[in-house]
Amino acid sequence: MSVLTRDEAQTRAELLDVHHYTIDLDLTGGDETFDSRTLIRFAARVDGTTFVELKPAELRSVTLDGHPLDPEALDGNRLPLKDLTAGEHELRVDARMRYSRTGEGMHRFTDPTDGETYVYTQLFLDDVQRVFAAFDQPDLKAVFELSVKAPQDWTVLANGITEHTDGVWKAAPTPLISTYLVAVAAGPWHSVRTEHRGLPFGLHCRRSLAPYLDADADELLDVTRACYDRYHEKFDEPYPFDSYDQAFVPEFNAGAMENPGLVTFRDEFVYRSAVTDTERQTRAMVIAHEMAHMWFGDLVTLKWWDDIWLNESFAEYMGYQTLTEATRFTDTWTDFGVTRKSWGYDADQRPSTHPVAPEAVDDTASALLNFDGISYAKGASALRQLVAWLGEKDFLAGINAHFARHKFANATLADFIDNLASATDRDVHAWADAWLRTTGVDTLTPRITPGEHGTCTLTVDRAGSRPHRIAAGLYDRDLGDDGGQLVLRESLHLDVPQTDAHPIGKRPALLLLNDGDLTYAKVRFDPESFETVRKDLSGLPRPLTRAVVWNALRDAVRDSELAPGAYLEAARAHLPLETDLAIVQGVLAFASAYIADRYLTPDERPAALATLSELCRDLIRRTEDGDHPGLRLIAVRHRIDVAAHPDTIAAWLADGTVPGGPELDPELRWRVLARLAVLGATDEAAIAAELERDPSATGQEGAARCRAALPDPEAKARAWEAMFGSDDLSNYLFTATARGFWQPEQADLVREYVTRYYPDAVALADRRGPAMAEAAGRWAFPAHAVDADNLSLGETCLHDGTPTPALRRKLVDQLDDLKRALRVRGARQA
């Protein structure tokens with residue numbers, strides 16, 4: 001299949017003006033395929049030749065202006081339209097299309113709980129071709145009018161309000177939107193409907209999840225209403241579509257997708273089991289993020305995929321900021337600092353890094369690789385820094401000018417910067433060059449110089465090139481009865497680079513750069529401040545301040561400047577006193593997945609797991625009063641994950657509860673069983689019994705993970721064959737199997753598969769496409785094998801093999817992480 005290049009898109013956009021799509025889909029034809037009929041009305045500005053894209057199972061007929069075209073002319077995914085004359089044209093395409101099991105195109109899913117079937121579209125970035133014929137590029141916007149024939153007991157959702165007669169559903173015509181934003185979701189949905197400010201709102205999920213959606217419907221709708229109202233305070237342009245549906249769909253590859261009027265979410269956000277308040281905040285942030293896209297992405301759309309950051313960075317920033325302003329979740333930037341910013345920092349230090357606004361996105365395959373921590377977290381951090389520099393009033397004035405000038409059309413980075421510049425006297429163009437066109441992470445290091453009479457001055461050394469507006473927090477020890485507490489003496493507002501050293505009075509116990517986390521940079525400590533961090537980190541008063549410190553420690557470990565054991569010591573000393581759930585979760589996740597599993601040697605790992613287990617036990621004891629259920633849940637989850645011996649967690653499973661709570665809900669039961677499988681303390685009979693107890697889709701995934709984790713050669717062979725020997729696994733079942741397969745405790749058992757991974761992953765990516773390539777690179781990679789042999793195999797695959805772009809990107813990132821782990825180990829042994 002041919003990917004679309006930027007040059008081809010520009011040529012086609014100069015030739016065509018696309019007016020209207022009439023799309024008729026028939027979903028009643030069986031489990032494998034559906035019928036798709038498309039009428040496209042468009043105009044050619046001059047005489048010329050172009051093509052339309054389509055990936056059919058069978059192309060039945062094509063007519064252009066009433067004249068038949070040869071279906072055999074279809075070349076891969078391109079149907080030539082030769083010798084077009086200037087003027088209006090009609091193209092009709094009749095095709096049979098394949099359902100997907102990989103979350104791309106029209107995904108089909110049958111719920112194992114009740115046998116009900118659901119289908120939904122995910123047409124981003126160029127997967128509209130899997131559903132109907134289209135001129136598939138974002139700057140050829142058009143009106144879309146859909147008609148869908150579906151089984152009698154199904155409901156069909158689309159971008160606009162739908163009406164139905166005799167199983168045929170018709171959606172209201174859309175405003176001008178891009179091809180990748182068209183959406184359909186069909187099945188026997190359970191729906192909760194209401195109105196807000198005269199606009200229909202809806203929540204939808206599988207019938208088997210109905211009780212769980214109903215339990216959270218008020219919370220979901222409250223967040224939706226609050227964000228909707230706040231955006232109307234921020235933006236001059238009103239919400240541009242006729243309804244707002246949110247559908248929670250199965251086996252969704254992303255967190256959510258901003259289809260106008262029909263946002264699709266992964267249905268793990270309909271919680272079947274207990275979750276923390278931070279997880280509820282994350283769900284609320286995704287709601288806020290996707291709603292921001294209705295303006296930035298849907299109303300105003302990028303012209304080409306080099307500006308994807310305009311969509312994602314804006315929605316990421318606006319989602320966190322608006323949630324903080326408009327809902328009960330008032331501390332969202334702490335979670336951003338812990339979970340999202342580290343994603344950006346990691347991505348920006350790999351060989352695959354790219355500018356926030358890259359200039360060389362030559363085709364759609366390259367564009368797909370840029371949906372990463374840079375386009376989301378780094379871009380949002382840059383916008384947060386921009387707001388700190390411009391002020392929110394001028395920032396929003398520029399945004400509103402952008403909406404007014406480009407609504408229902410397309411825009412570029414240059415347009416965006418020009419519109420911001422129109423609202424301020426600051427040099428926004430220079431800011432954009434420094435922040436959006438460069439790569440890498442700056443590092444800021446304080447230099448404290450003693451002066452006269454016990455006073456000091458501060459100079460900030462910058463390794464990097466960007467300007468930063470930061471706060472520097474000066475903290476002194478509280479000399480009262482609560483020893484170990486730190487008190488903010490002063491918050492200095494600094495511009496980096498500095499022109500002069502800044503007087504700071506007497507030396508503080510801790511000087512923290514980027515206090516408040518307003519910029520995107522790694523920070524380091526002077527020696528005295530590091531000693532204070534080591535002893536008194538938990539005494540810092542604000543969660544966001546502690547998050548900045550934990551991120552600095554994390555970065556120092558990854559850069560081989562801080563021993564992994566020192567990070568564990570800090571976690572052991574201070575995490576039992578931590579109150580912020582995002583920090584506890586983030587520190588435990590890094591300590592287990594990276595320090596214990598990768599940065600420490602296999603001989604050192606048992607001691608690390610014991611330390612983490614003791615830490616979790618302390619947190620469990622601390623929460624026995626029932627006042628901190630979220631903290632207790634995090635501690636229980638991680639206590640299960642780091643268990644080196646089965647007795648305690650096996651007793652929890654047998655009793656159905658942790659002593660003192662919580663009771664083991666399905667998520668915790670599968671978590672325990674997975675760890676018991678790794679430890680060789682369960683078997684197929686127990687897995688089958690648990691699956692009978694929980695036959696849901698989540699249960700099927702849990703069973704797949706447990707079976708792949710069994711320390712048995714036959715179980716490993718079956719799991720490998722399921723992943724790489726056949727194409728039967730859906731995207732979610734593949735991921736579950738891959739997550740169970742590799743275990744550090746089983747390194748000897750799976751050693752032969754490390755060699756097999758690379759050719760098998762290359763072949764899978766060739767057969768099954770980008771989504772499965774990404775899953776194979778992310779979840780099936782042997783990350784536990786931190787050794788030169790694995791690195792050599794991977795580099796040989798990159799140099800001599802032919803991995804697809806999606807797999808190549810994941811391998812480049814995984815191998816860079818592997819090199820980093822080897823450096824961390826080597827630095828300790830040097």
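Colleague: Which residues lie nearest the centre of the second largest pocket?

Modeller: On a 1 Å grid over the protein atoms alone, a pocket is an open set of points with protein on both sides within 12 Å along at least five of seven lines, and lining residues have an atom within 4 Å of a point. In the second largest pocket, 24 residues make up the lining. Those nearest the centre are Pro602, Pro744, Ala747, His784 and Ala785.

Colleague: Before we go on, what kind of model is this?

Modeller: Residues are numbered from 1 along each chain as its sequence is written, and side-chain values use heavy atoms, with hydrogens and water left out. Local features need pLDDT of at least 70, side-chain atom pairs count only at pLDDT 80 or more, and totals for chains, interfaces and linings use all residues; this is a predicted model.

Colleague: Which elements give two or more residues to the lining of the second largest pocket?

Modeller: The second largest pocket has a volume of about 500 Å³, where volume is the space filled by probe spheres set on grid points joined across faces, edges and corners. The elements are DSSP runs numbered from the N terminus: helices are H or I with at least four residues, strands are E with at least two. Those giving two or more residues to this lining are helix 14 (581–599), helix 15 (605–622), helix 23 and helix 25 (788–800).

Colleague: How many charged residues are in the lining of the second largest pocket?

Modeller: Ala, Val, Leu, Ile, Met, Phe, Trp, Tyr, Cys and Pro count as nonpolar, Asp, Glu, Lys and Arg as charged, and the others, Gly among them, as polar. The lining has 12 nonpolar and 4 polar residues, and the number of charged ones is 8.

Colleague: How far apart in space are Gln349 and Asp816?

Modeller: Gln349 sits in the loop between helix 5 (332–348) and helix 6 (364–368). Not counting residues up to four places away in sequence, the residues Gln349 touches, with heavy atoms within 4.5 Å, include Lys522, Asp816 and Arg820. Gln349 and Asp816 are 467 residues apart in sequence, yet C-alpha to C-alpha they are separated by 9.2 Å.

Colleague: Is the crossing of helix 15 and helix 16 left-handed or right-handed?

Modeller: The axes of helix 15 and helix 16 (residues 629–641) come within 9 Å and cross at roughly 150 degrees, so helix 15 is roughly antiparallel to helix 16. A crossing is left-handed if the near helix is turned anticlockwise from the far one by less than a right angle, and right-handed if clockwise. This crossing is left-handed.

Colleague: At what angle do the axes of helix 3 and helix 4 cross?

Modeller: Helix 3 passes helix 4 in a right-handed crossing, and the two are oblique to each other. The axes of helix 3 (residues 277–293) and helix 4 (residues 308–326) come within 8 Å, and the crossing angle is roughly 130 degrees.

Colleague: Lastly, which residues does the cis peptide bond with omega of about 5 degrees join?

Modeller: A cis peptide bond with omega of about -10 degrees joins Phe124 and Leu125. Pro662 lies in the loop between helix 17 (647–655) and helix 18 (666–678). The cis bond with omega of about 5 degrees joins Gly661 and Pro662.

Conventions:
Axes fitted to C-alpha atoms, helices over the stretch in contact; angles between N-to-C directions. Parallel < 35°, antiparallel > 145°, perpendicular 65-115°, else oblique. 1 Å grid on protein atoms, 1.4 Å probe; cavity = no way out; pocket = protein on both sides within 12 Å on 5 of 7 lines; lining within 4 Å.
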